[in-house]
Amino acid sequence: DRPAYRAGQWVHIRGVLRKVDGDRYTVAQGKQYRCDVYDNRNRLLYESEVSLSAFGSFHANFDLSPNVPQGQYRILVHDNDRESYEGSF
């Protein structure tokens, strides 16, 4: 919900995962994914299971630890079928 977070703040993650079939977007409503967040040293900070809504969106919230290093954090959303999507904040 913002471009930068400080240690100890509440983080809100939102995303949209859609596939293209022909000329149309398709959504796997209810499909389960694992959402992992890593710090700039590639250490796992947060993990949870998320599922897609009817629009292909998901969300997660977590507390950023008070002693995490400042920098860019990586979000990895993946499933057991070798699909993975990545973002950062």
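Mentor: Before we start, a quick definition: helices and strands here are DSSP runs, numbered from the N terminus, and a strand needs at least two residues. Keep in mind too that this is a predicted model.

Trainee: Fine. Which pattern does the protein chain follow, read along the sequence?

Mentor: Going along the sequence, you get β-β-β-β-β-β-β-β. That is eight strands and zero helices.

Trainee: What box do the C-alpha atoms fill?

Mentor: Taken along the principal axes, roughly 45 × 25 × 20 Å. Contacts tell you about the fold as well: of those with a separation of 6 or more, 55% are between residues 24 or more positions apart.

Trainee: Now the rings. How many aromatic pairs are there?

Mentor: Rings pair if their centres lie within 6.5 Å, and planes over 60 degrees apart make the pair edge-to-face. By that rule you get four aromatic pairs. Take Y5 and F89: they are edge-to-face, 5.4 Å centre to centre, with 80° between the planes.

Trainee: Which parts of the chain does that pair tie together?

Mentor: Y5 lies in the segment before strand 1 (10-16) and F89 in the segment after strand 8 (84-88), so the pair ties together parts that are 84 residues apart in sequence. Both Y5 and F89 are buried.

Trainee: What about Y33 and Y85?

Mentor: Another edge-to-face pair, at 6.3 Å centre to centre and 70° between the planes. This one also links distant parts of the chain: Y33 is in strand 4 (residues 32-38) and Y85 in strand 8, 52 residues apart.

Trainee: Is Y33 buried or exposed?

Mentor: Y33 counts as buried because its relative accessibility is 3%. Y85, with a relative accessible area of 27%, is partly exposed.

Trainee: Which residues form an aromatic cluster?

Mentor: Y5, Y73 and F89 form one.

Trainee: Last one: where does the charged end of R18 sit?

Mentor: Over the ring of Y25, 5.9 Å from the ring centre. For a charge to count as sitting over a ring, the cut-off is within 6 Å of the centre and within 35 degrees of the ring normal.

Key: Residues numbered from 1 in each chain as written. Predicted model: local features only at pLDDT ≥ 70, side-chain atom pairs only at ≥ 80, totals over all residues. Heavy atoms only, no water. Helix = DSSP H or I, 4+ residues; strand = E, 2+ residues; numbered from the N terminus. Contact = heavy atoms within 4.5 Å. Phe/Tyr/Trp six-rings, centres within 6.5 Å; stacked < 30°, edge-to-face > 60°. Buried < 20%, exposed > 50% of the residue type's maximum accessible area, 1.4 Å probe, protein only.
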